[in-house]
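Please consult the sequence and structure shown below.

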Amino acid sequence: MMTSVLEPMTDTPAAPTRLLSAGPAAPGQEAAWTQFTKIPMPTRTDERWRFANVKDLDLSSYLPPAPVDEAVREALLVRSRGLEKSAGRMVFANDQLLTREAYSEELSRIGVIWLPLEQAMIEHPNLFQQYFMREEAILGGQKFATLHASQVRTGTFLFVPRGVEINLPIEAFHWLHGDNASCFPHTLIMAQDMAKVTFIDYYESADAEAPGLACGVNDLWLGAGASVTYVCAQNWSSKALAFQINATVVGRDARARSLFAQLGARHLRTESVSHLRAQGGRSDMLALTVADAAQEIDARTFQIHEAPNTSSDLLYKNSLDDTARTIFSGLIRVNPVAHQTDAYQKVRNLLLSDEAEANSAPGLEIEADNVRCTHGATSGQIEQEELFYLMSRGISKRAAQKLIVHGFLQEVIARLEEPAIGARLTEMVQAKFAAHA
Amino acid sequence: MSTAELTQFDIDRTRGDFRYDIKHEFDAGTGLTHETIDYIVNVKGEPDWIREWRHKALDVFLSKPMPTHWASKDLENIVFGNIRYYLAGGQKASRSWDEVPEDMKRTFERLGIPEQERKFLAGVEAQFDSEAVYSNIKKAVGEQGVIFCGSTEGLIKHPEIFRKWFGKVIPTGDNKFSALNSAVFSGGSFIYVPPGVKVKHPLQAYFRINAENFGQFERTLIIADEGSEVMYMEGCTAPKFETATLHSAVVELVALKGAKIQYVTVQNWSANVFNLVTKRALAHEEAEVKWIDCNIGSRLTMKYPGVVLKGRKARGEVVSIALANDGQHQDTGAKMIHAADETTSNIVSKSISIGKGRATYRGLVHVPKHLKGCKNNTECDALLINSTSRTDTYPAITVRGTGNSCQHEASVSQISAEQIFYMQQRGLTEAQAMSLSVNGFVNDLVRQFPMEYSVELKRLIDLEMEGSVG
Amino acid sequence: MNSLKIENLHVRIGEKEIIRGLTLEIPKGEVHAVMGPNGSGKSTLSKAIGGHPDYTVTQGDVLLDGESILGLEPDERARKGLFLAFQYPMEIPGVSNANFLRASLNARQPEGEEIEATDFYEKLYEEMDKLEMRREFTARAVNEGFSGGEKKRNEILQMAILKPKYAILDETDSGLDIDALKIVSAGVNAQRGSQTGMLVITHYQRLLDYIVPDVVHVMVDGRIVRTGPKELALELEDKGYDFIKDDLAGAA
């Protein structure tokens, strides 16, 4: 083995540079980095961080994304298991593209642009300019959105032109590998008028126990009459700190549907905003959370009705075990112009342990006429009668509980109306139950 | 006598909008400093412990920021330096209306207070600016050992009961305005109901602001001893002034084991009053506290009556009606802190926004660790009348552990054009149709008010609806 | 003079013209039926006469006992003696039937006068008995949670109490089973008389078996295309609306 004479030999490698002292990922991201360093860390007194354990958010121990070697690459590709049938997939590890595979001819149809983000930035600068992180993070996570903007290296760029329908889902896998590793997954989907697409992001850690940082952004843009279904199956390691920031912009008569399945992470903060920007638009916002151990799952949502005759329907369901905490803070806002709005918001918490804690803050701000808005929040536990009924049929208490929780979460999955994806999500939920002693 | 004169509660806004030019003998001047506090203590002849307590509270008030990070920015329009903090005539509260100075007596007569006292009240306290000018309790009630007097008299004459609970339910530093009240409080009621005594008729306080650039800071403390029952009602009015007036009360209720307290408020301040009130109750074992709160007047009201459910099986309830018209923001709600097993709480809130009015509900429900059998039910319904009206709902619910259940539901609705057309087709005018619908919306809550108030409430709502259509 | 007269009426909803030159006169004491296929403008006619703000009259007139009512608010028209029995009666949460009816009656009294409660309830119970309605109904909110049949009975009850000069019954038979139809029809028939004119709007002939009209009008595309005796309704039932349409096509 040759060693360059110019490189001094060292017995101990130099201490690795931490993320916080590494600066931006590339020269073009300096502005975002400067912003990131200027914005203070959130404090408890900030209404947008009410209930959250902000001391959990320390970023100092994480390392910038580092490439994985060939053996890891092979192993992760094998582990990237999604749906039986999909139109194509990209697999990333530590923000490095491992593979891009198209299985369906639909993707080569004229005009569909499905590229790694960094490639799209060069080949389609106008689209990139027009849509990349154009909606500001308004729910309190601006610091983490700017961190993402300063660090993002790759991700999915998917542009579906007018009238093109992609019938099979497209998938992306984002892996986090190594202790204290970080990654910044990005998904940007633009569906032009009357276009249709279904997309799934899978977030996984190579080591289910390794500490790490994930800070993702997924933005959805829907033109007139477009239909986009977006699913994020989040299963980071149980020691990961994770952020996920979403903006969905819904055009005239368009229909957006999103589902976040939150299984992993020690502390997760998600922010999801639907802008109902033009008449007739509709957004369904779904989430299911299976929280156990000491997990804190903090979800903030915003349904902004910016035009008349729009509708939104949110359903978030949390099951909480052990000392898990969940926070749901959601707001429906109906702007003065947005008459004839239909907006719903429902959060339901199922507490399975005496140490679990569910916080709910569903909000309404209504300034328009002829509006139908309701919200509801419930927190409760498994009814003894229900449990008894199942046990009287010979099912063990533990199994009966799991069955009931499963049924509780199933309502969310069913709302997606995508049986294959639903089955995969159910599998993942079951796997988490199975892992929980 | 015409029917109009027979109406018992003449406290609608137009009727409250009059004033007599009264020169107060004692005036602490404008602005708030430690000297203001010494002035108030000296005039009132209070003991040293309260002087010290007030000075400390002022420091807390000055150190606390305005809560504008969550509350309305309109709070910034309060100029504390322009307000007069104490105005009084120096006389003791009379036991007889005949001894009340003429203009003050005429004020309360126009508001119908002495008449109501004769008809259905067990006792009345009438506060004019900073001090009560009249305070009386029916002989039979007094003989049962019920104490009903002003806060100053309470702290001087009954220190053994007063000091035990004063500032314990709402500590000085609870919020900026509770600190302000603690520093400069004057007036309000002190009530003690001995064990087992059930006061049949309501006790009533009436708060009147007459002076301009003035702040009213009454302090009420009600203690219902074991197994006792009491209902307290308060009403309030002020004339319309050009400048903003501040009303910032603190009300503490203590319901000991098995006691029941009902506290009824019909707030009808004129539209220049900042009404920033802290109200909280402590409910011991099997006690019941019910706040019935109706906000029709004021420019900005911020008030979230609360119950700390401290004893097993304690029960708390807030029934709230808010009506926000042009230039008004009714920021109201409820807090329920569960701190013992099998405690239950219930919140029903209905708000109506008219014209450019804004109604906000803020709620807090807290069920901490290891409690069993706690239940909360919250229902908030908002009605929007015009396309310029606004309504907000901001509940916050924290539940820990299994064995408890919380439910929150809220809805926003309008009176539809089709509904109005249907009623018009039966011959009702648009305004009549609107009034009928609005009364229908709040009907189930109004029924929970004492009879005398529910009649008046309906009338007030009709009055507010006039001119709101079109 | 003693009639509800509709002259060359043109009505638009938004930009769309629905009624296109309709002429009709209902003398006091007579019952007229308007029949027509779906979309012919039947419901628009009743709403427009009632003064619903979404319907714009662009031409023509509506005269109640010789006086134009087009410039009047809906409630003013009602107080002149016009009554609409709605196809879909509105629910009014929180407002009891008794309160609603009293408020409606009081609106017809001279300023400052009110109906005596005892008189009111006596009359109300009498009419309710005729319609086989139970007493607890008075305390229920207007139409809230009512079945289709209960809603329609409620409309007829209101008509009986308010005693209009002219009543327009819009698809009163819709949502009624045969038993309910008989009760409602009997309620309507009881109110027939020399002081009342009625316009019964319906899609089906079956209602007219129970409320027998003096005159039948057929409405197609916003106009009355044929007028005849009650037998015309049977002919329509027999041959369907197409025969009229074919007729019209032939004539054109």
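Nine of the ten residues of helix α6 (residues 142–151) of chain A are buried, so this helix is largely enclosed by the rest of the structure. The model is predicted: local features require pLDDT of at least 70, side-chain atom pairs count only at pLDDT 80 or more, and totals for chains, interfaces and linings use all residues. Residues are numbered from 1 along each chain as its sequence is written, while chains are lettered from A and ligands numbered from 1 in the order in which they are written.

**Helix α6 of chain A**
- The buried residues of α6(A) include A:Phe144, A:Leu147 and A:His148; a residue is buried if 20 or more other C-beta atoms, placed from the backbone, lie within 10 Å of its own.
- Among the elements covering them are α2 (30–38), β9 (212–222) and β11 (240–250) of chain A.
- Helices (H or I, at least four residues) and strands (E, at least two) are DSSP runs, numbered from the N terminus.

**Chains A and B**
- The contact takes 33 residues from chain A and 28 residues from chain B, where contact denotes C-beta atoms, placed from the backbone, within 7 Å.
- On the side of chain A that touches chain B, β19(A) gives the most, with ten residues.
- Strand β19(A) runs antiparallel to β23 (residues 390–400) of chain B, joined by seven bridges; A:Glu357 has B:Arg400 as its bridge partner.

**Chains B and C**
- Chain B supplies 18 residues and chain C 24 residues to their contact.
- On the side of chain B that touches chain C, α11 (417–425) and α12 (430–446) of chain B each give two or more residues.

Note on methods: Contact = placed C-beta atoms within 7 Å. Buried ≥ 20, exposed ≤ 12 C-beta atoms within 10 Å, placed from the backbone. Pairing = 2+ DSSP bridges.
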